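Subject: Handover of a structure and notes on its contents

Dear colleague,

Please find the structure below, together with its sequence. My notes on it follow.

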Amino acid sequence: MSEVKKNYTDQELERMSNAELAALGTELDDVTVAYRKERFPVEGDPREKSAAAGINAWLAVSVVTAIAFLGIYLFWPWEPKFHGDEGLWIYTAYTPLLGLTAGLSFLSLGIAMVQYVKKFIPEEISVQRRHDGRSSELDRRTTTALLNDAWETSTLGRRTAMKGLLGTAGVLAGLVVIAPLGGLIKNPWRERHALGYHGDGTLWTHGWTLHDQGVKIYLARDTGAIAEKHAGAAGEHYSTAGVSRLVRMRPEDLAAGAMETIFPLYEEDVNDGDKYDPKRDVYENHMHSLHGPRNAVMLIRLRSQDAEKVVEREGQEDFHYGDFYAYSKICTHIGCPTSLYEAQTNRILCPCHQSQFDALQYGKPIFGPAARALPQLPVTIDEDGYLIAKGNFVEPVGPAFWERQS
Ligand code: FES
């Protein structure tokens with residue numbers, strides 16, 4: 001292989017065409033082009049037009065699906081709907097449609113790009129040896145020329161429709177990635193609805209917060225009951241009337257060393273025991289309580305010998321009722337349910353990242369990434385012997401967020 005001339009004056013470089021500079025660049029880079037062939041060497045080849053049309057079609061699919069994604073993201077009714085609510089299927093379709101349109105947009109853009117490279121970029125096999133060190137002025141000029149050459153031989157410069165579609169698809173694909181971030185920008189101080197089982201839309205409220213407004217709240221267990229079959233003049237039908245998904249609990253309902261997940265039940269939604277009315281339909285309200293994201297609480301009945309070892313947190317000495325201790329079930333790490341109570345050690349384990357909390361020490365974290373104790377719910381019993389909340393949580397429930405004090 002003959003030695004390549006490496007020193008050129010500015011005038012010599014100015015006089016060289018782009019093709020000559022590109023060829024010189026490959027030689028200087030110790031690149032051997034072993035094989036190179038234009039895809040469509042004959043101008044006006046009908047196969048070229050059909051290849052371009054195919055790629056344009058994929059780009060058009062990408063553009064349309066990206067617009068569909070943005071339209072669905074911005075305008076589709078996204079507010080949660082529950083079993084029996086009108087518009088449930090529309091709400092249910094929201095997330096799958098977002099995934100489908102975003103996926104199709106990226107997929108079709110990717111296919112178009114792969115197809116373009118396969119159908120229009122010249123076929124070439126090159127072998128290159130690499131060098132260390134900084135590039136010289138000559139190298140930079142020739143590299144620029146090579147890039148220019150690649151642009152020209154790609155023929156993209158003269159394909160106006162494809163260029164436009166590619167640019168549009170690229171911008172819209174970028175928006176598909178960026179637009180959902182808008183959903184994260186919210187005013188955390190804004191109340192979005194009246195206070196109820198879901199709180200009021202702020203991060204520090206939940207179904208237990210209504211206690212602050214004088215509402216009596218029972219500790220209720222989930223029976224798992226669903227709609228029941230009724231026979232009447234109009235034939236058989238299913239109804240939730242008379243079905244109590246949540247029922248009140250008494251201390252004797254829980255054995256020593258046991259844990260039960262409980263939910264808030266407002267006095268007006270009670271439909272069990274002496275207050276049972278087979279015509280009342282409280283099912284939907286009970287489901288709202290179950291679905292409240294910060295409502296779940298672990299009610300633990302310690303064994304008597306363990307209860308003697310309890311260390312109370314300052315200011316929370318009277319939060320328990322006898323051997324009954326209630327801790328938020330929402331992990332203070334990143335919010336998983338800390339469902340695993342181990343009666344022998346009195347540890348509460350979060351299965352997500354193995355944080356452990358001590359039920360004998362106000363839910364204090366003793367292992368794993370969680371840094372804060374599980375908030376404790378003050379509990380007692382009412383005059384009829386039912387377990388009720390004695391107050392609201394004294395700190396926000398769940399993982400940390402920037403407004404919180406504790
Ligand atoms: S969410 Fe519980 S340990 Fe991470």
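The domain bounds used in this message come from an automatic or database domain assignment. That assignment gives domain 1 as residues 10-184 and domain 2 as residues 209-389. Taken over C-alpha atoms, the centres of domain 1 and domain 2 are separated by 55 Å.

Two conventions apply throughout. Residues are numbered from 1 along each chain as its sequence is written. The model is predicted, and local features need pLDDT of at least 70, side-chain atom pairs count only at pLDDT 80 or more, and totals for chains, interfaces and linings use all residues.

Annotation

The UniProt annotation "domain: Rieske", from an unreviewed entry, covers residues 294-388. UniProt positions are given in the numbering used here, feature names are shortened, and annotations may be inferred rather than shown by experiment. Helices (H or I, at least four residues) and strands (E, at least two) are DSSP runs, numbered from the N terminus. On that basis the span 294-388 is 4% helix and 32% strand, and its end C-alpha atoms lie 17 Å apart.

Nonpolar cores

A residue is called buried if 20 or more other C-beta atoms lie within 10 Å of its own, exposed if 12 or fewer, and partly exposed in between, with C-beta atoms placed from the backbone. A nonpolar core is a set of buried Ala, Val, Leu, Ile, Met, Phe, Trp, Tyr and Cys residues joined through C-beta atoms within 7 Å. The largest such core has 44 residues, of which Tyr-218, Leu-219, Ala-220, Met-298, Leu-299 and Ala-326 touch the most other members. At least two residues of this core are supplied by each of β3 (217-222), β6 (246-248), β7 (258-266), β8 (297-301), β9 (324-328) and β16 (387-389). β7 gives the most to this core, with 5 residues. Apart from it lies another core, of 18 residues, including Ala-102, Ala-112, Ala-169 and Val-176.

Contacts are counted between two residues whose C-beta atoms, placed from the backbone, lie within 7 Å. Not counting residues up to four places away in sequence, Leu-219 touches Met-249, Ile-262, Leu-299, Val-379, Leu-387, Ile-388 and Ala-389.

The sheet β10-β11-β12-β13

Two strands pair if DSSP finds at least two bridges between them. In the order β10-β11-β12-β13, 4 strands form an open sheet with antiparallel pairing. Its edge strands, β10 (340-342) and β13 (364-367), each pair on one side only. From one strand to the next the twist averages 35°, where axes are lines fitted to C-alpha atoms, for helices over the stretch in contact, and angles run from 0 to 180 degrees between N-to-C directions.

Strand β11 (residues 347-349) is joined to strand β12 (residues 356-358) by 3 bridges, and Arg-347 stands opposite Asp-358 in β12. Another 3 bridges join β12 to β13, which run antiparallel; here Asp-358 has Lys-364 in β13 as its bridge partner.

Two loop residues of this region deserve attention. Gln-354, in the loop between β11 and β12, has a positive phi near 65° although it is a residue other than glycine. Gln-354 counts as partly exposed because 13 other C-beta atoms lie within 10 Å. β12 and β13 form a hairpin with 5 residues between them, and Tyr-362 in the turn has a positive phi of about 45°. Tyr-362 is buried, since 22 other C-beta atoms lie within 10 Å.

The hairpin β4-β5

β4 and β5 form a hairpin with 2 residues between them. Strand β4 (residues 228-232) is joined to strand β5 (residues 235-239) by 5 bridges, and the two run antiparallel. Ala-231 stands opposite Glu-236 in β5. Of the 5 residues of β4, the number buried is 0, so β4 lies largely in the open.

Two further positions

Thr-101 is found in helix α4 (residues 88-120) and counts as buried because it has 21 C-beta neighbours inside 10 Å. Leaving aside neighbours within four places in sequence, Thr-101 is in contact with Thr-65, Ala-68, Phe-69 and Ile-72. Its C-alpha atom is separated by 39 Å from that of Glu-228, 127 residues apart along the chain.

Met-16 sits in the loop between α1 (10-15) and α2 (18-28). With 16 C-beta neighbours inside 10 Å, Met-16 counts as partly exposed. The C-alpha atoms of Met-16 and Gly-224, 208 residues apart along the chain, are separated by 82 Å.

With kind regards
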